[in-house]
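The sequence and the model are shown first.

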Amino acid sequence: MSQLAHSAPWQALTADAAQLRTRHLRELFAVDGDRYAQFSLQHGQLLLDFSKQRICEQTLTHLHALAGVAGITGWQQRMRSGELINHTEKRAVRHMDLRAGDAAPAEVKAVLARIEAFCERIHSAEWRGFSGERITDVVNIGIGGSDLGPRMAVQALSACQQPDLRVHFVANLDGADLAGTLASLNPRSTLFIVASKTFTTLETMRNARTARDWLLAVAGDASAVARHFVAASTNLRATGEFGIAPENVFEFWDWVGGRFSLWSAIGLPIALAIGFGHFRQLLAGAHDLDQHFFSAPPASNLPLTMALLTLWNTDFLGAASHGVFPYSHSLELLPDYLQQLEMESNGKQVDRDGKIIGMPTCPILWGTAGTNGQHSYFQLLHQGGQVVASDFITLARADFPLAGHHPGLLANCLAQSAALAFGQTAEEAQANGADASLLPYRTFPGNQPSSTLILPELSPFTLGQLLALYEHKVFCLGVLWNLNSFDQWGVELGKYLAGKLTPLLAGDGDDATLDASTRGLIAHLRQFS
């Protein structure tokens, strides 16, 4: 990264930032009547408007020059060719092969065929529980990438939901998560999917064993496990010991990273929830965006453009925070999903050469569905004095078209992005009826950068496009910051320490090597056990 920071485009961007920090979006729009046409891109019916970003034509030119220096095109080809670009784990990054359609590898097609056949058995009621009842509920037990993607997609595509099957998700180690889910279910008609590549994930396996005990308390026979548990895993020995039949273990591969895995067997709950035909459309939408990413020139490449804007806002305008605001209740979980996708991928300070990057990389990503956010944290965005970059995401057509709802939702989305960009002067506030004594409170500085992404509708295909768009944005940012977006060593330290502390909480072992705070907290907690 140090070399990139000393490059001519980086120095030019530093100069651009010094100038643009003192300019307001009001001024930028006033001097350029074609700003929307100049700073918007379209792929099919997917529209990205980034005219409310604090950039000018020169800035965009310099950003693209920076991408050239970073070697984006070369890294695209390295990923696409199967090179081990996840160098710390010596793995290729091939999740795009999972959605390549006719061009997918044979092993991918084989697993998809098995998933299709399994979905048909569940939906047709051929598969039944130990007592002969049809499956009415599916519970996916996973965490992280084995939970966030499928959970988000199932909610997003609820308009496509199979009418006679409910899909639930359990991830938290806190017993309240599993207990609350099981309370309304019938063990005779419930199927569990245990989603863990290694079948050793602490949270997932604790929840899976408790769910198995819940089933066996009613069934009374261990053979029932094979009728009520399937797995997405690579560990056939462990799944067999658990009681899952080998033909009901759906494989995926070490070149599939967890946060990029919903396209694999980890997507089984999606296929069950919306039907395999719709799942194929989800894969097709992602493949369509893959093709765009690899073929579109830089100036019209949506993922690259979004990545360059994030780098600009983070490293040049000082936006440490990035809000994602889907004006779609069905996309309510998208910010949660993107938190893992972006922050686990690029929340790093060590580059590919093992050197400290020494500047901000991934911004803190957060958000909720509009219009809910307008009644909570938007106050800070408007008057909190911090630069916060934003993505507004909305649908041209509603997935649940209740009369009178969607026009108001769209109006709020457009109004908020405009208000953040342009604010309100004291004169405008007075013209709008504000009392003179309240003018300081009714003045909004604006100049908050944002992009607006419009999907024609929320379908499996467009959701696939949307998710692949953000995946490729993450990849581009990793190249720009010269870091490995596909490992997550920061996650491992907490797991290691938790493993050491678990027996100490039960009073086993010596806590002398612990810090004073942790020792004190353990001593306090032991009083309640």
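Helix H7 (residues 106-123) and helix H14 (residues 276-295) have axes that come within 10 Å and cross at roughly 150°. Helices (H or I, at least four residues) and strands (E, at least two) are DSSP runs, numbered from the N terminus. Axes are lines fitted to C-alpha atoms, for helices over the stretch in contact, and angles run from 0 to 180 degrees between N-to-C directions.

The model is predicted: local features need pLDDT of at least 70, side-chain atom pairs count only at pLDDT 80 or more, and totals for chains, interfaces and linings use all residues. Residues are numbered from 1 along each chain as its sequence is written, and side-chain values use heavy atoms, with hydrogens and water left out.

From H7, Leu112, Ile115 and Glu116 meet Phe276, Phe279, Arg280 and Leu283 of H14, where contact means heavy atoms within 4.5 Å. By class, the residues of this contact are five nonpolar, no polar and two charged. Here Ala, Val, Leu, Ile, Met, Phe, Trp, Tyr, Cys and Pro count as nonpolar, Asp, Glu, Lys and Arg as charged, and the others, Gly among them, as polar.

**Sheets.** An open sheet with parallel pairing is formed by five strands in the order S4-S3-S5-S6-S7; two strands pair if DSSP finds at least two bridges between them. At its edges stand strand S4 (166-170) and strand S7 (249-250), each with a single partner strand, so one side of each is left without a neighbour in the sheet. Strand S3 (residues 137-141) runs parallel to S4 and is joined to S4 by five bridges, with Val138 opposite Val167 of S4. Across S3, S4, strand S5 (190-195) and strand S6 (229-232) lies helix H10 (residues 202-219), which runs at about 160° to S5.

Another open sheet has six strands in the order S1-S2-S11-S10-S8-S9, and its pairing is mixed. Strand S1 (40-43) and S9 are the edge strands with a single partner each, so one side of each is left without a neighbour in the sheet. From one strand to the next, the twist averages 15°. Strand S8 (residues 321-327) pairs with S9 in the parallel sense over three bridges, and Ser321 has Ile364 of S9 as its bridge partner. H16 packs on this sheet, touching S8, S9 and S10, and its direction makes about 165° with that of S9. H18 lies across S8, S10 and strand S11 (450-455), running at about 160° to S10.

**Aromatic pairs.** The structure holds 23 aromatic pairs. Rings of Phe, Tyr and Trp (its six-membered ring) pair if their centres lie within 6.5 Å; planes under 30 degrees apart count as stacked, over 60 as edge-to-face and the rest as tilted. Phe29 and Phe422 form an edge-to-face pair, because their ring centres are 5.1 Å apart and their planes stand at 85°. Phe29 lies in helix H3 (residues 25-31) and Phe422 in helix H18 (residues 406-422), so the pair ties together parts that are 393 residues apart in sequence.

**Cavities and pockets.** On a 1 Å grid over the protein atoms alone, a cavity is a set of points where a 1.4 Å probe fits but cannot get out, and a pocket is an open set with protein on both sides within 12 Å along at least five of seven lines; lining residues have an atom within 4 Å of a point. Grid points are joined across faces, edges and corners, and a volume is the space filled by probe spheres set on the points.

Four cavities of 30 Å³ or more are present, and the volume of the largest cavity is about 70 Å³. Among the residues lining the largest cavity are Gln53, His322, Asp391 and Lys473. Helix H15 (302-315) and strand S10 (388-395) each supply at least two residues of that lining, and the largest share, four residues, comes from H15.

| Pocket | Volume | Lining | Nearest the centre |
|---|---|---|---|
| Largest pocket | About 850 Å³ | 36 residues | Thr201, Gly258, Gln488, Glu492, Lys495 |
| Second largest pocket | About 360 Å³ | 17 residues | Ser328, His329, Phe400, His405, Leu409 |

The lining of the largest pocket divides into 12 nonpolar, 15 polar and nine charged residues.

**Backbone.** A cis peptide bond, with omega about 10°, joins Gly370 and Thr371.
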